[in-house]
Amino acid sequence: MCHGCAKVVALAASLTPHPRPRRPVSDLQEEGKNAINLPMCPAPVEVHPEDSLLEENEERTVIDPTSRDDPRFKELVKALIDWINGVLVEERIIVKQLEEDLYDGQVLQKLLEKLADCKLNVAEVTQSEIGQKQKLQTVLEAVQELLRPHSRPLQWTVDSIHGKNLVAILHLLVALAMHFRAPIHLPEHVSVQVVVVRKREGLLHSSHVTEELTTTTEMMMGRFERDAFDTLFDHAPDKLSVVKKSLITFVNKHLNKLNLEVTELETQFADGVYLVLLMGLLEDYFVPLHNFYLTPDSFDQKVHNVSFAFELMLDGGLKKPKARPEDVVNLDLKSTLRVLYNLFTKYKHLE
């Protein structure tokens with residue numbers, strides 16, 4: 001027996017085919033054994049199509065268990081589930097498992113309608129496989145229409161979503177989260193190892209590929225232009241402390257008027273309070289307290305504060321910040337520095 005056969009049962013149990021008549025456990029184990037062994041054993045074991053769970057040329061993918069246990073992968077899945085449930089809270093829809101709850105198109109339809117403020121022409125409830133795929137087709141066509149300006153290659157299909165392919169579902173949700181600027185933190189550089197099993201000429205063949213689910217926030221948002229801060233972080237990290245010190249001196253010169261002091265740029269601007277107060281000081285006006293949360297205690301309240309500060313910056317004649325409010329709230333130092341440097345550039349002459 002070739003090395004790797006110990007994983008047979010786990011792999012066979014992880015494959016999720018379309019509903020078919022139940023087969024004996026021994027058949028499932030045998031198919032999984034072939035999938036693992038065929039690429040490595042010199043004498044392939046023949047499997048007849050009628051005894052296999054896969055059709056000829058059909059392909060099935062499953063995420064390697066090690067990747068599923070990765071903390072960053074779990075963080076990504078949780079962030080997306082929490083986001084969906086937050087968007088659909090008024091619909092009384094609760095998603096617990098992405099593969100099981102999204103494959104038939106029902107939740108995806110409601111999610112897209114809520115995000116895009118539209119109404120899709122689909123049947124509300126579809127029990128048959130054909131009806132579910134028709135609904136998925138309509139939903140995914142609407143998604144493609146929305147994402148087309150970004151020219152990103154689509155990494156999902158009707159069959160992959162309906163086949164409960166978690167990788168395809170995650171690609172779709174990440175794209176939607178980025179397009180609609182979801183107020184969540186998606187961990188960067190999340191990749192998974194995927195086992196791809198395909199039947200050819202009655203035999204099962206398996207291969208391993210790496211799927212990249214997220215890159216950097218900036219790349220996913222389509223902001224590919226680089227600036228001085230990219231160069232600073234990548235090539236001159238030793239000068240970063242000098243820049244931070246200059247910005248701390250600048251903001252404290254004004255915040256000290258309210259007996260406030262900043263020592264950590266990474267954290268003290270994340271709730272937006274100091275940004276709002278700083279704009280009032282720089283533009284010489286009082287910001288009414290009912291316009292922002294003086295003691296924000298939730299992610300949404302912090303995003304509101306930073307967004308309000310950005311509006312004040314636009315009113316003051318500054319360009320729209322490159323950073324998203326969510327980036328600042330999520331303690332992204334580069335984003336925070338960009339915002340503060342824009343203020344420094346315009347107001348450094350103030351006494």
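I started with Lys78 and Asp82, which sit four residues apart in helix H4 (residues 71-87), so about one helical turn separates them. For helices I went by DSSP runs (H or I, at least four residues), numbered from the N terminus.

Before going on, I noted that this is a predicted model, where local features need pLDDT of at least 70, side-chain atom pairs count only at pLDDT 80 or more, and totals for chains, interfaces and linings use all residues. Residues are numbered from 1 along each chain as its sequence is written, and side-chain values use heavy atoms, with hydrogens and water left out.

**Salt bridges**

I looked up what joins Lys78 and Asp82: their side chains meet in a salt bridge, 2.7 Å from N to O. The term needs a side-chain nitrogen of Lys or Arg within 4 Å of a carboxyl oxygen of Asp or Glu. Side chains of opposite charge can pair when their charged atoms come close.

How many salt bridges does the structure hold? I got eight.

Next I checked accessibility, taking buried as under 20% relative accessible area, exposed as over 50% and partly exposed as in between (1.4 Å probe, protein chains only). Lys78 comes out exposed at 54%, while Asp82 is partly exposed at 42%.

Then I went to Glu90 and Lys114, whose side chains form a salt bridge at 3.2 Å, N to O. Glu90 lies in the loop between H4 and helix H5 (98-102) and Lys114 in helix H6 (residues 106-116), so this pair ties together parts that are 24 residues apart in sequence. I have Glu90 down as exposed, with a relative accessible area of 63%, and Lys114 as partly exposed at 35%.

Glu100 and Lys164 were my next stop, and their side chains meet in a salt bridge at 2.9 Å, N to O. Which parts does this pair tie together? Glu100 is in helix H5 and Lys164 is in the loop between helix H8 (158-162) and helix H9 (166-179), so the parts are 64 residues apart in sequence. Both ends are partly exposed: Glu100 has a relative accessible area of 37% and Lys164 one of 23%.

I came back to Lys164 for its ring contact. Lys164 lies over the face of Tyr103, 4.5 Å from the ring centre. To count, NZ of Lys or CZ of Arg has to be within 6 Å of the ring centre and within 35 degrees of the ring normal.

I also jotted down a network of salt bridges that links Glu129, Lys133 and Asp159.

**Aromatic pairs**

For rings of Phe, Tyr and Trp (its six-membered ring), I paired centres within 6.5 Å, calling planes under 30 degrees apart stacked, over 60 edge-to-face and the rest tilted. That rule gave me three aromatic pairs. Phe250 and Phe344 have ring centres 5.4 Å apart and planes at 85 degrees, so I logged the pair as edge-to-face. Phe250 is in helix H12 (residues 240-255) and Phe344 in helix H17 (residues 333-347), so the pair ties together parts 94 residues apart in sequence.

Is Phe250 buried or exposed? Phe250 counts as buried at 4% relative accessibility, whereas Phe344 is partly exposed at 22%.

Phe269 and Tyr274 are another edge-to-face pair, at 6.2 Å centre to centre with 80 degrees between the planes. Phe269 is buried at 1% relative accessibility, and Tyr274 is buried as well, with a relative accessible area of 17%.

My last entry is the cluster: Phe250, Tyr341 and Phe344 form one aromatic cluster.

Notes. Helix = DSSP H or I, 4+ residues; strand = E, 2+ residues; numbered from the N terminus.
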